[in-house]
Structure formats: structure tokens, C-alpha cells
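Biologist: Before we discuss the assignments, please display the entry.
Modeller: Here it is, and each term can then be set against its criterion.

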Amino acid sequence: MALLGLVEVDSLEALIIVDNELDPMSPAAPDTVQLSGGMGTLGMCSPHDLHDRGEAVKELRMSDICCSAHGLSVLVTATKGNVKHSILFDAGPEEEVWAKNVARLRPDLASVELIQLSHWHRDHSGGLLRAIRMIQDAKAARGASHHLTLDLHPARPDYRGFMLGEKIISLEADPSFDDLAAAGATIDKHDEVHTVLDGFFLISGEVPRVTPFEKGLKGAMRYNGQEDEWYSDEAIADERFLMCNLKGKGIVMFTGCGHAGVVNSAKHAIELANKSMPLHAVVGGFHLATSEPQQVDSTVRALKKLDPAVLLPGHCSGWRVKFAIERQIPGTLSENRLLEYFNDLFRHATDASPNCVEVNLAGGWRSFFTRDPEHVKAVLTGNFASYGKGEIFHELWSPFLGDSIFTTDGKQWSNSRQLIRPMFIKDRISDLEIFERKTQTMMSLFASPGEAFDLMDLFYRMTLDVTTEFLLGRGIHSLENPQGEFVHAFAEVQRIQMLLTVLGPIQAFIPRGAYKRGIKTIDDFVLPFVHSALALPVDELEKLSKSEKSFTFLHALAHFTRDPKVIRDQVVSVLLAGRDTTAATLSWAFYELSHYPGIYAKLRAEILSTVGPSRAPTYEDLKNMPYLRHTVNETLRLYPAVPYNIRFALTDTTLPHGGGPHGDLPLTVLQGDAVIYSTYAMQRRADLYPAVSDKFADPAVFSPERWETWTPKAWQYIPFNGGPRICIGQNFALAEIAYTMVRILQKYERLEYAGDWEAQFHKAEIVGTPGKGVNVRFNP
Ligand code: HEM
């Protein structure tokens with residue numbers, strides 16, 4: 001089958017005008033498809049400016065919020081270069097709803113060139129007449145061409161309806177061809193696949209039914225007026241989907257109800273594209289609201305095999321399928337692929353500044369997104385005094401981390417750093433006794449040889465136990481007791497914190513209940529430790545400080561200050577810094593090792609020749625295994641644990657280049673502007689590496705060997721950042737990671753991945769983790 005001239009478009013925007021569901025409050029996952037229409041955006045974009053209510057700037061009127069109705073209407077706009085085309089896909093069930101929501105959303109109606117009716121059903125056609133008139137009015141007001149095509153299937157039923165027991169329920173008639181033409185549209189009838197609007201869109205013909213579980217719409221009927229008879233019409237054969245070919249992504253398709261079956265439709269779309277591109281997104285009705293659980297299950301399994309990146313089931317899909325998708329294909333409803341989103345921003349970059357883009361976020365935040373090593377260097381060291389966490393970050397993060405090393409600048413920050421640094425001197429971190437105890441406990445929980453288990457979960461529990469013991473003198477024992485309340489609260493607070501950070505000014509609308517409850521749970525855990533350290537008399541602390549073994553981080557803090565809040569803030573901050581970062585790095589290392597038995601074997605050989613099969617490694621041993629070091633470096637190159645970071649300009653300042661017509665002048669950054677940098681995106685920039693050769697594998701591939709002959713240029717490899725705020729726990733982390741790897745590899749000869757290795761994705765919250773866990777099998 002041919003592609004029929006479907007061209008690749010650069011970008012795609014879908015404005016949902018009518019849908020069954022309305023939820024302007026739940027935030028989208030931070031890095032999913034960009035969503036508009038949330039409460040925050042509505043407030044910020046409200047036309048009702050205020051000048052008489054103190055500092056309030058806008059009034060959000062309830063009448064500005066869209067309403068939902070049983071039906072679907074989506075305005076799809078595709079852009080290629082300077083050319084834009086817009087299609088209205090269905091018009092919802094009622095004229096009033098369509099008109100009201102259009103008045104609220106204010107889309108550019110004059111630009112609509114074509115309306116496609118997905119199929120003859122009143123919940124898609126009910127708003128058509130009004131939509132045509134309003135589009136024509138908008139065109140007239142702009143003085144634009146009046147041409148408006150209405151793309152319809154020729155087989156319009158006189159009525160549609162459905163059986164309810166023995167009774168037939170009729171729907172209202174769809175608008176007639178004559179009425180639609182009279183409203184101002186040129187009718188174009190098609191039952192075959194065709195492309196429209198310069199090949200930007202493809203409208204399917206009838207969808208072949210190939211799956212055994214998609215059987216059409218149970219009980220659907222069609223009325224023939226001439227015969228005054230109702231007939232069974234479960235196939236709803238006139239349904240046609242809309243699809244586009246989105247650059248760098250693949251097929252994006254819109255289904256009205258998916259009566260042909262959403263899997264049949266998706267498979268047909270892949271066929272129509274000659275199987276030449278992946279299925280990226282399916283948006284619209286999946287018609288599973290009334291289906292049996294088995295059908296929902298079969299659909300989700302089959303969709304999973306087609307591996308879409310985004311699923312946006314709406315209209316008649318029903319909540320059950322959304323729930324099943326979230327369970328079976330986590331990440332597709334709320335896709336967490338921040339790298340793609342981040343890199344995608346550089347489509348808007350100019351030739352003068354290809355690796356830094358300026359973005360103006362809602363609420364007047366100006367941000368520079370950069371993956372340029374010179375920029376990162378300027379922010380972290382060259383212009384260190386001009387950039388900091390800033391007041392916004394401090395305010396946003398202080399409920400969780402208070403006035404600690406993470407949230408402050410200037411004197412406050414340097415005091416914290418001085419206080420914490422002594423805990424990370426070599427003598428303290430070269431004591432590997434905690435690592436030994438915890439890795440042994442962890443390995444005792446591994447599944448039996450040959451059985452699959454999630455190694456990542458154990459790494460997270462182990463690093464929590466190590467870090468709490470290192471900081472507080474007593475571990476939390478999450479390895480033995482995984483369901484602890486604290487463990488859950490710590491993860492939940494981090495998740496919400498990241499959300500609040502990326503949502504910028506709109507975060508004010510995010511409910512804080514779970515966040516506050518989580519912080520209370522953390523405090524309930526940490527504060528008793530703090531109080532018991534403060535209960536020690538000063539001379540006792542003094543005595544303890546002479547004994548390396550029993551003098552903990554907590555004691556050091558209590559020795560320095562008697563303020564429980566200061567101690568609590570620093571403890572929670574270092575716990576955050578030290579726990580997930582290390583667990584994520586270990587997880588990625590084993591994820592990669594499980595795919596490369598050759599690398600695993602080579603690493604194991606080095607370990608066995610250094611420490612034998614059972615001896616515990618010393619700090620010196622860990623330093624003396626170059627291939628082990630290369631393996632950890634390579635893991636941190638592909639997966640730097642803190643993938644995204646932010647600094648605010650504390651004064652008017654600059655970034656070293658990217659300004660001026662040729663990009664050779666500094667970029668002006670004003671006080672309050674944000675610079676968002678990604679070591680993850682930067683360290684994956686192919687242009688920063690030598691050409692691929694026998695000695696240097698493709699930089700996208702995991703290859704510890706590259707480190708044997710290559711050293712990264714300054715500021716191009718900075719998993720621990722650099723400059724005055726470089727990670728204070730770097731050596732502690734490297735020792736913990738290396739120690740754990742040595743102990744595991746000593747014991748097991750082979751490692752195998754037990755999940756779908758290719759399906760893995762980088763889930764970025766504060767720390768970037770393997771989104772699907774690390775399911776493996778070990779063999780002795
Ligand atoms: C693989 C593991 C680790 C990685 C990749 C890592 C990475 C980083 C990065 C990128 C920063 C800079 C954050 C910023 O300035 O916004 C940082 C800061 C920090 N890290 Fe780590 N870290 C790791 C492990 C640890 C551990 C184990 C500890 C302590 C137990 C720790 C303690 C800290 C502290 C206290 C800071 C704040 C430094 C400051 O602002 O002056 N880190 N880390």
C-alpha cells in the first residue's frame with residue numbers, strides 16, 4: 001500500500017474542543033505531551049485583568065472554564081516550515097456546547113480549511129451546522145477565503161440507534177447533506193483512503209477488521225426511512241480515522257469512536273504508512289466504556305505490542321481502559337520522556353545558538369534551556385556569583401529541605417558546605433564496613449539463581465539503609481522492612497517537588513495535601529534522631545568527635561548548632577542527595593551490563609583477579625580496578641543521576657555565546673531569568689565526541705572500552721557537576737557503587753535481563769531512573 005503523498009510535518013497541535021471528560025485540575029506529568037487548559041493557564045490567560053483587588057492581577061471566572069459533553073471535537077493543526085493547515089475533526093454532540101467552548105478557548109477558526117466527520121453518529125455531528133457557520137463568520141471577519149470542505153462518508157443513515165433489550169432507541173438524525181451545504185460547506189464524499197491539505201493529513205477509508213476481539217458496537221442499529229425498517233449495524237463501517245506523519249516521532253492518529261476497534265485502526269494506520277514509521281500516538285475514542293473486561297485486556301495487550309509512545313483515550317473510551325493502560329503500559333498515558341521534550345525544544349533554536357533556546361513560560365518567567373558545556377561552565381563556575389538557586393527555588397523547596405545546602409546561596413550555603421564537608425573526608429568514607437553489611441543483607445534477598453526479580457528495588461532499599469546509617473548512626477532497615485511509611489513518603493514528596501518545580505508559576509494551583517502529609521512523615525522519622533543527638537551534653541559530643549566510629553553526621557551537626565530545624569534540614573538534604581542518585585546509577589549499570597555479557601565477563605575477570613571470589617575489597621582495591629572505573633564512568637556518562645538542573649540569575653549577567661546574528665556574542669540574561677541545563681542531554685550530544693572508530697563506539701551505546709583511550713574535554717562530562725557546588729558526596733557514592741558491583745560480580749558468573757530490554761525508558765524526576773525497573777536473573 002502506498003503512503004498516498006502523506007508528508008512529514010514538523011509539529012502538531014490538538015485542541016480538544018469537546019470531550020466527555022473535563023479535568024482542568026489534575027496536572028499532566030511534567031514531561032508528557034504539553035497540556036494547556038489547566039486551571040493555572042486559564043487563570044493566567046484570563047481576559048479579566050484586575051486593578052482593584054490588592055495584588056491580584058486576574059480574575060478566573062467559572063464561565064471561562066470549558067464544559068464537557070458526550071461527544072468529541074478536536075481542532076488539529078499541523079505545521080511544516082512556514083505552512084500551516086488546520087482540520088476540525090468532528091464537532092461534538094450539540095451546537096451550544098461547541099459554541100461555548102470555542103468562545104472560551106478562542107481558537108483561530110478562520111484558519112480551518114476542512115472538517116472531517118469521523119462517522120455518522122450524532123455525538124460527533126450534532127455541532128456541525130453551527131461549527132460551519134462560525135468558521136465562515138470568522139473567515140468573513142478576517143477577509144479570508146470562504147472555502148471550507150466538509151469531508152463525509154457517503155453512506156449517511158437516516159437514523160442511528162441501538163437495541164436495549166427488546167426495544168430500539170433512536171438517536172436524533174445527523175444533519176443532512178443539504179443542510180450542511182446550506183450552512184456554507186463544500187461537501188466532499190469519500191469512502192476510500194485519501195490525503196488532504198497538501199498531504200499534511202490522511203483520512204482513512206473503511207478499516208479492515210483483523211483482530212478477533214474487536215467486534216464492532218454491540219446492539220448498534222440503522223434505520224432505513226424508505227423501508228421504515230431498522231437493521232443491525234454493528235460494524236459502523238463508515239468510521240474513518242485521521243492521521244499525520246510527525247517528524248522524528250511517526251504516526252499520530254485520531255479516532256472518533258474507534259468502532260472498528262482501536263487496535264484494528266492502529267494496525268491499519270501502520271499498514272497505510274507502509275510499515276515505514278512507528279506508531280507514536282493514538283488520540284480519541286477507543287470505545288471500551290461498555291466493553292467486557294476481557295476485551296479491555298486484549299485491547300491493551302495488543303496496543304502494548306504496537307508500542308505507542310502516547311495514548312490519549314478520550315470520549316467513549318471509559319475509565320477502565322485508562323486504568324488498564326496505566327497498569328500494563330505505564331508511561332504512555334503520562335509519558336515521562338523528558339529528554340525527548342528537552343531536545344525537542346532545540347527545534348526552535350537558531351543557527352546562531354543551536355544548543356540554547358530562550359523560552360517564555362506562562363507568568364512571565366524567561367528561561368534559557370541549554371545543553372552547551374560553555375554555558376554550564378559559566379553558570380557553575382565562571383559566573384558562579386551571578387547564578388544561584390535563587391529566591392523562587394528556595395521558596396518552592398524550603399517546605400521539604402528548609403534552609404539547607406541545597407536551597408540557599410551565598411553565606412548561608414557556604415556555611416552549610418563547611419559544616420558538611422568534614423563528613424566526607426577520605427578517612428570517613430574509606431571505612432567500608434557499612435557497605436559490607438548492607439550489600440550482604442541485600443544479596444541475601446536476591447531471588448534464587450535463574451529466577452527473575454527487580455534489582456532496582458533492592459538497590460533503592462540498600463542505599464536508603466546505607467545513607468540513614470551513615471547520617472544518623474542507625475539504619476532504617478528498609479531491606480528487611482520494605483513497606484515502611486517513610487520510604488513511601490520520601491518518594492512521594494520528591495515526585496511532587498519535581499512537579500512543582502517544572503510547572504513554574506502554575507504550581508500554585510497544585511494541591512499540597514499529599515506533599516504536606518509526606519513531609520510530616522519524614523519529620524516524624526528524622527526529628528527523634530535530632531532530639532536524641534541534641535540531648536547529649538556538649539562535652540559528650542566533644543568526646544564522641546574524637547572517636548571516628550561512633551561520631552555520626554548527626555553528631556557533627558549537633559556539635560555545631562543547637563537548632564533542631566537546621567539539623568533536620570541538612571540531614572534530609574544529604575539523605576536526598578545521597579540515596580536515589582546512587583541507587584539509580586547502580587540500577588543503570590546493571591541494566592546495561594545485563595545486555596552485554598562480554599562486558600560483564602571482562603569486568604568480572606578484573607574483579608576476580610584483584611580480590612578473588614570472596615574477599616571483601618578494600619578502598620585501595622576499588623581504586624585499582626580500571627575497567628570497573630570505566631564501567632561506572634560510562635554509566636554516569638549515559639545516565640548522569642541528576643539529569644536536569646536549574647539556576648536563577650541573581651543579577652543581570654550573561655551566558656558566554658549564542659548572542660548576536662552569528663552567535664559569537666554573549667547572551668544577555670536578566671536578573672530573575674532561569675537557566676535550565678541538562679547534563680543528560682549534553683552528555684548525549686553526538687557532536688561533542690570523536691568520530692566513531694574501532695576504539696570509540698557510537699556515543700549512544702554503552703561501551704566502557706572508550707575510556708581506555710579517551711578522556712572527555714573539560715565540562716563535557718560532569719555527572720557530579722563542577723565548580724564550588726560540585727557534589728560533596730562524589731567519592732562516597734563512587735565507593736558505594738564500586739563496592740556493591742564488586743560484591744555482586746564476585747558471586748555471580750552470569751547476569752541476564754528478564755524484562756523487555758528495549759522497552760526501558762528514562763524516567764526523570766529529581767533523579768533519572770529506569771522507568772521499568774531492572775528485572776534480571778543471576779546465575780552463580
Ligand atoms: C552517583 C551518585 C551521585 C551523583 C551523580 C550526584 C550528583 C550531584 C550533583 C549533580 C549535584 C549538584 C546539584 C546542584 O547543585 O543543584 C550534587 C550535589 C550534592 N551532592 Fe551529590 N551526587 C551523588 C551522590 C551523592 C552522595 C552519596 C551524597 C552524600 C551522601 C551527595 C551529596 C551531595 C550534596 C550535599 C550536594 C550539595 C552540594 C552543594 O550544593 O554545595 N551526593 N550531587
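Modeller: In this predicted model, β2 and strand β3 (residues 73–80) run antiparallel and are joined by seven bridges.

Biologist: What makes β2 and β3 a pair?

Modeller: The criterion is at least two bridges between the strands. β2 and β3 have seven bridges, so they pair under the criterion of at least two. Val18 stands opposite Ser73 in β3.

Biologist: In what order do the six strands of the open sheet lie, and what is the pairing?

Modeller: The order is β2-β3-β4-β5-β6-β9, with mixed pairing.

Biologist: Why are β2 and β9 called edge strands?

Modeller: β2 (11–18) and β9 (186–189) each pair on one side only, and they are the edge strands of the sheet. On average, neighbouring strands are turned by 20° against each other, direction ignored.

Biologist: Which strands does helix α2 touch as it packs on the sheet?

Modeller: Helix α2 (residues 95–105) touches β2, β3 and β4 (83–89), and its direction makes about 130° with that of β2. Helix α4 (residues 128–142) also packs on the sheet, touching β4, β5 (112–116) and β6; its direction makes about 170° with that of β5.

Biologist: How do you know that Arg240 and Asp151 form a salt bridge?

Modeller: The closest N and O atoms of Arg240 and Asp151 are 2.8 Å apart. The cut-off is within 4 Å, so the pair qualifies. Arg240 lies in the loop between β13 (229–232) and β14 (242–246), and Asp151 in strand β6 (residues 149–152), so the pair ties together parts 89 residues apart in sequence. Both residues are buried.

Biologist: What makes Arg743 and Glu436 a salt bridge?

Modeller: Their closest N and O atoms are 3.0 Å apart, so this pair also meets the cut-off of within 4 Å. Arg743 lies in helix α25 (residues 730–747) and Glu436 in helix α14 (residues 433–444), so the contact ties together parts that are 307 residues apart in sequence.

Biologist: Why is Arg743 called buried?

Modeller: Its relative accessible area is 8%, and buried means under 20%, so Arg743 is buried.

Biologist: What makes Lys438 and Glu469 a salt bridge, and why do both count as buried?

Modeller: The N to O distance is 3.6 Å, so the pair lies within 4 Å. Lys438 lies in helix α14 and Glu469 in helix α15 (residues 455–472), so parts 31 residues apart in sequence are tied together. Lys438 has a relative accessible area of 4% and Glu469 one of 14%, so each is under 20% and counts as buried.

Biologist: How many salt bridges does the rule give?

Modeller: The count comes to 34.

Conventions. Residues are numbered from 1 along each chain as its sequence is written. This is a predicted model: local features need pLDDT of at least 70, side-chain atom pairs count only at pLDDT 80 or more; totals for chains, interfaces and linings use all residues. Side-chain values use heavy atoms; hydrogens and water are left out. A salt bridge is a side-chain nitrogen of Lys or Arg within 4 Å of a carboxyl oxygen of Asp or Glu. Helices (H or I, at least four residues) and strands (E, at least two) are DSSP runs, numbered from the N terminus. Buried means under 20% relative accessible area, exposed over 50%, partly exposed in between (1.4 Å probe, protein chains only). Axes are lines fitted to C-alpha atoms, for helices over the stretch in contact, and angles run from 0 to 180 degrees between N-to-C directions. Contact means heavy atoms within 4.5 Å.
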